[in-house]
Amino acid sequence: MNLHGVKAIYLFEMARTWRTLLQSVLAPVISTSLYFFVFGAAIGSRITEVDGVSYGAFIVPGLIMLSLLMQSVMNASFGIYFPRFIGTIYEILSAPVSYFEIVLGYVGAAATKSALLGLIILATASLIVPIEIAHPIWMMFFLVLTAVTFSLLGFILGIWADSFERLQIVPMLIITPLTFLGGSFYSIDMLPPVWQTVTLFNPIVYLISGFRWSFYENADVSLGISVTMTLAFLVLCLMIVRGIFRTGYRLRP
Amino acid sequence: MESTDIVVSIESVSKTYDTGFKALRDVTLGIRRGEILALLGPNGAGKTTLISIVCGLVNATEGKVTVNGHDIVDDYRAARSLIGLVPQELTTDSFESVMGTVKFSRGLFGKGPDPAHIERVLRDVWLWDRKDDEIRTLSGGMKRRLLIAKALSHEPQILFLDEPTAGVDVELRKDMWGTVRKLRDSGVTTILTTHYIDEAEELADRIGVINNGELILVEEKTRLMRMLGRKQLTIELHDPLAELPERLGGFGLELANGGSELVFTYDTQADRTGITALLDELNDANIGFKDLHTTQSSLEEIFVNLVKRPT
Ligand SMILES: Nc1ncnc2c1ncn2[C@@H]1O[C@H](COP(=O)(O)OP(=O)(O)O)[C@@H](O)[C@H]1O
Ligand SMILES: [Mg+2]
């Protein structure tokens with residue numbers, strides 16, 4: 001195992017974060033706070049409680065997930081796309097690092113960054129509404145697992161994309177809608193029955209449900225299903241990444 | 001002293017890109033430990049493709065490459081650890097510091113920190129006083145040297161330099177040549193690609209000529225010059241000739257300098273150069289001459305002759 005190599009990639013990616021601290025941390029915190037005020041204030045005045053939790057508090061886990069998913073995908077995809085774009089990827093490809101080590105470096109850094117961001121948003125939210133976390137360990141488990149899984153997805157996106165446009169369109173066109181429709185701002189059982197069924201095909205439902213359960217112990221789907229689905233998605237992403245390196249897809253002609 | 005200790009062995013390597021383009025055809029080449037090998041060929045010949053295969057950037061379609069006995073696919077860690085690569089394009093980050101990016105390279109290649117080595121490498125490429133600067137503030141020539149420093153950061157035994165002086169002015173080329181020689185003196189095996197003949201002539205111990213994806217030949221530079229070098233014998237005549245006498249027709253002579261010189265081109269490789277016969281013939285024809293001198297063709301001419309040869 002080339003630990004020096006993993007460390008080099010990881011620290012390089014983290015350094016990139018510090019250099020762009022403003023847009024990497026401040027922007028998501030501000031936009032989440034805005035969501036929070038708009039949804040919390042506007043809708044919260046009409047819906048006072050969902051499943052026994054104040055609406056303001058109810059949407060916190062969904063809002064954190066929204067940022068977590070977006071940031072994971074965007075960080076990780078940019079992290080690998082950019083060296084491909086400017087050509088510095090040559091050095092990574094010529095180095096004695098395995099695909100697993102490359103992924104560990106890039107995805108590890110992207111996941112660290114978005115998980116930290118999730119915690120920062122949580123801290124920000126707790127200043128606005130009282131938040132209880134019933135199962136802090138489970139909360140961290142979902143936070144980290146989601147960060148890793150969606151950073152992997154971002155990594156795949158960054159390898160697949162052959163233009164900046166494609167790089168940006170996937171998070172906007174797929175992740176954002178799925179998150180909004182995945183119960184960030186409502187409980188699934190508030191939907192008509194048909195839509196409840198449709199929603200179950202959205203993988204993000206399971207993440208948000210599990211994550212919210214770790215806060216308030218109420219969930220749209222059972223904890224076991226949430227964990228299984230999240231892990232299954234992680235394994236799927238890992239297999240795709242493995243395939244990418246096996247075949248050299250978009251990396252080694 | 002000729003060393004035949006092969007450090008990089010390339011056996012029957014072919015490359016067909018996804019586009020269907022055949023960039024390399026059955027290339028076999030042994031690179032000797034400690035030598036400077038110049039891969040000479042026009043643009044698009046396949047030089048970068050060959051280097052990229054050895055360095056792990058491109059997958060070969062066929063063939064096998066070993067570095068110090070390690071297969072580049074099955075044992076890529078050991079193979080790649082021994083290699084440093086300076087790419088053709090000036091691909092660098094922008095906001096990283098000079099020092100930071102060199103340290104990054106060392107770590108990436110699995111080596112622990114060694115400030116003394118990093119300092120030595122940066123001093124060797126005259127970048128020590130710029131160590132804290134952001135890369136984007138460097139000039140093109142400095143960036144090239146920075147890429148060399150990055151490639152040397154992990155103490156490789158073999159260095160690939162892909163067109164190290166393409167688009168570089170004369171002064172910088174000379175500097176670069178000095179750097180390459182210094183490297184060779186330190187024992188690093190150096191492979192450089194170039195489409196400048198004088199560069200190969202200046203630097204290389206051996207020269208490989210690539211054209212259309214084929215390695216046409218690999219030869220000691222001196223022997224290549226001797227083997228393929230055509231020599232020209234220039235004969236300065238006492239009295240200018242208006243035209244070539246018929247009896248001299250078989251020699252392929254040319255009249256030059258207003259008829260006051262006869263130029264005879266001959267192949268040094270041939271059993272008989274034909275010089276004696278020519279001089280006898282001149283004697284018989286009563287053509288007097290004042291002086292004779294020979295010139296050797298440059299590698300450039302050799303090269304042009306080679307790539308003109310039908311493949
Ligand atoms: N990724 C690629 N896909 C398709 N063709 C390529 C690719 N890379 C290089 N080529 C083609 O292969 C040929 C050899 O290229 P290259 O090895 O870069 O030549 P050189 O370095 O000698 O100039 C060129 O015709 C080039 O267009
Ligand atoms: Mg080239």
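Buried means under 20% relative accessible area, exposed means over 50%, and partly exposed is in between, using a 1.4 Å probe and the protein chains only. This is a predicted model, in which local features need pLDDT of at least 70 and side-chain atom pairs count only at pLDDT 80 or more, while totals for chains, interfaces and linings use all residues. Residues are numbered from 1 along each chain as its sequence is written, chains are lettered from A and ligands numbered from 1 in the order in which they are written, and side-chain values use heavy atoms, leaving out hydrogens and water.

**View 1. B:Lys131 pairs with B:Asp132 in a salt bridge.** A salt bridge here is a side-chain nitrogen of Lys or Arg within 4 Å of a carboxyl oxygen of Asp or Glu. In this pair, the closest N and O atoms are 3.7 Å apart. B:Lys131 counts as partly exposed because its relative accessibility is 22%. B:Asp132, at 58%, counts as exposed.

**View 2. B:Asp198 and B:Arg173 meet through their side chains in a salt bridge.** The N to O distance is 3.2 Å. This pair links distant parts of the chain, 25 residues apart: B:Asp198 sits in helix H7 (residues 197–203) of chain B and B:Arg173 in helix H6 (residues 170–185) of chain B. Helices are DSSP runs (H or I, at least four residues), numbered from the N terminus. B:Asp198 is partly exposed at 36% relative accessibility, whereas B:Arg173 is buried at 13%.

**View 3. A salt bridge joins B:Lys150 to A:Glu91.** Which helices hold the two partners? B:Lys150 lies in helix H5 (residues 140–152) of chain B and A:Glu91 in helix H4 (residues 89–94) of chain A, so the pair joins two chains. Their N to O distance is 3.0 Å, and both residues are buried.

**View 4. Ligand 1 has a shell of residues from chain B, including B:Tyr17, B:Phe21 and B:Lys47.** To be near the ligand, a residue needs a heavy atom within 4 Å of it. Helix H1 (residues 47–55) of chain B gives the most to this shell, with three residues. Look for the oxygen atoms of ligand 1: a backbone N or O atom of B:Gly44 lies 2.7 Å from one, and a polar side-chain atom of B:Thr49 lies 2.5 Å from one. Taken alone, ligand 1 exposes 570 Å², and the protein buries 67% of that; accessible areas come from the Shrake-Rupley method with a 1.4 Å probe.

Note on methods:
A polar contact is a pair of N or O atoms within 3.5 Å; within protein, one must be able to donate a hydrogen and the other to accept it, and residues adjacent in sequence count only if both atoms are side-chain atoms.
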